[in-house]
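User: I have just opened this one and would like a guided look around. Could you take me through it step by step?

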Amino acid sequence: MPSPVSRRHFLTAALAGGAASPAQLIAAEVASGFHEPARDIPFAEDADVIVCGAGPAGVTAAITAARAGAKVRLFEWRGCLGGIWTAGLLGYFLDFDKPGFAKELREKLDARDARANSKSASRFCYDPEALKLLLEELCVEAGVKFQFHTKVCAAFKEGNQLTTIVTESKAGRQAWKAPVFIDTTGDGDLGALAGCGFKVGDAEDINAVDACPCQPLSLNALLVVKDAEALREFIRFGTPKPGENTDGEKKKRIRDEIVKATGQIPSYASSTLWHVRGNLCFAMFNHEYGVKPWDAAEITAATVRARADMHRMINGLRSLGGAWEGIQIVATAEQIGVRDGRRIAGRYTVKTDDLVKGARYEDGVALVTFGVDVHATTAEHNKAKGAIHTKGVKAKNYDIPLRALIAKDVDGLMMAGRCISGDFIAHSSYRVTGNAVAMGEAAGVTAALAALSKRMPHEVAWTEGLEKLKAIGQRV
Ligand SMILES: Cc1cc2nc3c(=O)[nH]c(=O)nc-3n(C[C@H](O)[C@H](O)[C@H](O)COP(=O)(O)OP(=O)(O)OC[C@H]3O[C@@H](n4cnc5c(N)ncnc54)[C@H](O)[C@@H]3O)c2cc1C
């Protein structure tokens, strides 16, 4: 490929000779693409374990690996730790009744009065600002070196082993080396950059995903209301009062109120309001359909539509007056919530059959108790058949084996959270944050053991991981 300088020189010479019009030359240059010149990037620093993405899975993986004795680097694209919990204003922890770091988080949130008055260990609302602070304190305390506003943008292998990543930030491009990496980007960015195979949505073939048969996206919001008690028939409280409406009835009532206020069924027909504390609530009211999570232009357009949708619905509710008087948005999420990104091929793929049979494994790292939760993939589906579907699959409790967290195609790479290896239906169940935390814990301890003993993650038995978790006080 000619350098941009020599090509421009050639094009200018051709133009001077009158061989082509300026418009033709510009079109020719655009069609031939821009060749970015190669350059040397200094290694910023090495580490034992590099974790890419600081959502529920990544932050847990980084803290656990550091507690297990590894030198850990954690990179995050946004300006806070927590991913969908914080930047995404998710609102609700699900499938969280688990030992280890999940239990520690529950207890630490309780100590700060940051869990929304809930007796349930499995499902509860939380204060997102308190969680941001707690996660930063835990990372600092564990010795995790984390860097915000830093995107992992390239990956390089020696032979079949991932050895180096490149990040992009205000500090420019930086290269980082480690014997073990963990992809916790949610969307599987690192696995894809490293050349791993992956699946997306309901498509068998990645080349056939133009229509993106993925789960829809949702842009959540933090709200204030005048008096949360006065809206109890609509809002889900941590500990319901005896005899109050079920969660299903509350969702139906909110939908009816939105229809009354705006004349339209909400794009997420199971609209939900959760109570955080005082007059503060979370809202999940919208769906964006058919959006490819790796397409920045599509994500941008979806975010703009979703934000307008959210404001329209909240303004509509306020206009109803009564208990809705004074409801207003404090903030919409900085990050639109992506349910469904790349699922990187692992040494095992969690399948629908695992859910149906209630599969248990010796290397089971997370016992999933949450069922199938496929959100409508089209607006028509949402209107006609409701927003959430089980696709006829009745799930029993089942294990995620450690093998599903270890990349099949590339050595030295693990995954945790929603980008692990699983099929579309299984993913719809294990993706919730209690499981992301359990997976992050398993990936973190396994990666640390592998790096410190100069082995690959697939050479570390889960029994070793469990012993180490006990030794560092994350399992009793
Ligand atoms: C709208 C919505 C509603 C949901 N409802 C619930 C619920 O009620 N309860 C529940 O428990 N779960 C729920 N889930 C599921 C759950 O939130 C996710 O599956 C969970 O966030 C998975 O955690 P994660 O750490 O894998 O990913 P994420 O939370 O997505 O974290 C990934 C992190 O990686 C960062 N990142 C991405 N790419 C890069 C890169 N290239 N370089 C650097 N950083 C990068 C992101 O900024 C982000 O911080 C919901 C999800 C969505 C989207």
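Predicted model: local features only at pLDDT ≥ 70, side-chain atom pairs only at ≥ 80, totals over all residues.

User: Ok, and which residue in E14 is the bridge partner of Ala 221?

Analyst: The partner of Ala 221 on the E14 side is Ala 283.

User: What order do the strands of that sheet come in?

Analyst: The order is E13-E14-E12-E15, in an open sheet of four strands whose pairing is antiparallel. Strand E13 (272-277) and strand E15 (328-332) are the edge strands, and because each has a single partner strand, one side of each is left without a neighbour in the sheet. From one strand to the next, the twist averages 30 degrees.

User: Which helix lies across E12 and E15?

Analyst: That is helix H8 (residues 296-319), which runs at about 160 degrees to E15 while lying across both E12 and E15.

User: And how do H7 and H8 cross?

Analyst: The axis of helix H7 (residues 247-262) comes within 8 Å of the axis of H8, and the two cross at roughly 85 degrees. An angle of 65 to 115 degrees counts as roughly perpendicular, so H7 is roughly perpendicular to H8.

User: Which residues meet there?

Analyst: From H7 there are Glu 257, Ile 258, Ala 261 and Thr 262, and they meet Arg 312, Met 313, Gly 316, Leu 317 and Ser 319 of H8. Sorted by class, this contact of H7 with H8 holds four nonpolar, three polar and two charged residues.

User: Switching topic, what domains is the chain divided into?

Analyst: The protein chain is divided into domain 1, covering 44-204 + 342-471, and domain 2, covering 221-332. The C-alpha centres of domain 1 and domain 2 are 28 Å apart, and 21 residues of domain 1 make contact with 19 residues of domain 2.

User: Which elements give two or more residues to the domain 1 side?

Analyst: Those are strand E5 (124-125) and helix H10 (379-385), on the side of domain 1 that touches domain 2. H10 gives the largest share of that side, with three residues. By class, the side of domain 1 that touches domain 2 is made up of nine nonpolar, eight polar and four charged residues.

User: Now the ligand: which residues come nearest?

Analyst: There are 35 residues around the ligand, and the ones that come nearest are Gly 53, Gly 55, Gly 83, Gly 337 and Gly 417. The shell divides into 16 nonpolar, 11 polar and eight charged residues.

User: Where do E7 and E8 sit in the order of their sheet?

Analyst: The order is E1-E9-E8-E7, in an open sheet of four strands with mixed pairing. Strand E1 (43-46) and E7 are the edge strands, each pairing on one side only, and the twist from one strand to the next averages 25 degrees. E1 pairs in the parallel sense with strand E9 (residues 172-177) over three bridges, and Asp 46 stands opposite Lys 177 in E9.

Note on methods:
Residues numbered from 1 in each chain as written. Near = placed C-beta within 6 Å. Nonpolar A, V, L, I, M, F, W, Y, C, P; charged D, E, K, R; others polar. Domains from an automatic or database assignment. Contact = placed C-beta atoms within 7 Å. Pairing = 2+ DSSP bridges. Axes fitted to C-alpha atoms, helices over the stretch in contact; angles between N-to-C directions. Parallel < 35°, antiparallel > 145°, perpendicular 65-115°, else oblique.
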